[in-house]
Amino acid sequence: MANLGSEVYQVLLEYQKKDFEKMRNSIIRAKNIIEKIEEFPEMKGRTGELEILKSIIEDLNQKKFEINKEQLINYFIPFSTRLIRG
């Protein structure tokens, strides 16, 4: 999940820079990460959460959702912190 958070953060940065080609590439990488996460046995009970994340990531390019950037980043902070603490 920390890798996914990093990729989503890249999407947001590239959107700010108006580098839409890099943004699309980051979205593709984020989708690939979600597909791999879905394969983990421990994620079986979190399919709803993953579906929401997938929808958000797919729509970042289309801006259908009104997503607060800070809330999205804050969602991933605990995963990054857990990775750092090891």
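**A close look at helix 2 and its neighbours**

Guide: In this predicted model, helix 2 and helix 3, the latter made of residues 47-60, pack at an angle of about 165°, and their axes lie 9 Å apart. Angles over 145 degrees count as roughly antiparallel, and helix 2 and helix 3 are therefore roughly antiparallel to each other. The crossing of helix 2 past helix 3 is left-handed. On the side of helix 2, the contact is made by Met-23, Ile-27, Ala-30, Lys-31, Ile-34, Ile-37 and Glu-38, while helix 3 brings Leu-50, Glu-51, Leu-53, Lys-54, Ile-57, Glu-58 and Leu-60. Sorted by class, the residues of this contact between helix 2 and helix 3 are nine nonpolar and five charged, with no polar ones.

Turning to the other partner, helix 1 (residues 2-16) and helix 2 (residues 20-38) have axes that come within 8 Å and cross at roughly 165°, and these two helices are therefore roughly antiparallel to each other. Their crossing, too, is left-handed. Among the residues that make this contact are Leu-4, Val-11 and Tyr-15 of helix 1, and Phe-20, Met-23, Ile-27, Ala-30 and Ile-34 of helix 2. By class, the contact of helix 1 with helix 2 has ten nonpolar, three polar and four charged residues.

Helix 1 also has buried residues, including Leu-4, Glu-7, Val-8, Val-11 and Glu-14. An α-helix has 3.6 residues a turn, so residues three or four places apart point the same way. After helix 1 comes Lys-18, whose phi is positive, near 60°.

Key
Residues are numbered from 1 along each chain as its sequence is written. This is a predicted model: local features need pLDDT of at least 70, side-chain atom pairs count only at pLDDT 80 or more; totals for chains, interfaces and linings use all residues. Side-chain values use heavy atoms; hydrogens and water are left out. Axes are lines fitted to C-alpha atoms, for helices over the stretch in contact, and angles run from 0 to 180 degrees between N-to-C directions. Helices (H or I, at least four residues) and strands (E, at least two) are DSSP runs, numbered from the N terminus. Angles under 35 degrees count as roughly parallel, over 145 as roughly antiparallel, 65 to 115 as roughly perpendicular and the rest as oblique. A crossing is left-handed if the near helix is turned anticlockwise from the far one by less than a right angle, and right-handed if clockwise. Contact means heavy atoms within 4.5 Å. Ala, Val, Leu, Ile, Met, Phe, Trp, Tyr, Cys and Pro count as nonpolar, Asp, Glu, Lys and Arg as charged, and the others, Gly among them, as polar. Buried means under 20% relative accessible area, exposed over 50%, partly exposed in between (1.4 Å probe, protein chains only).
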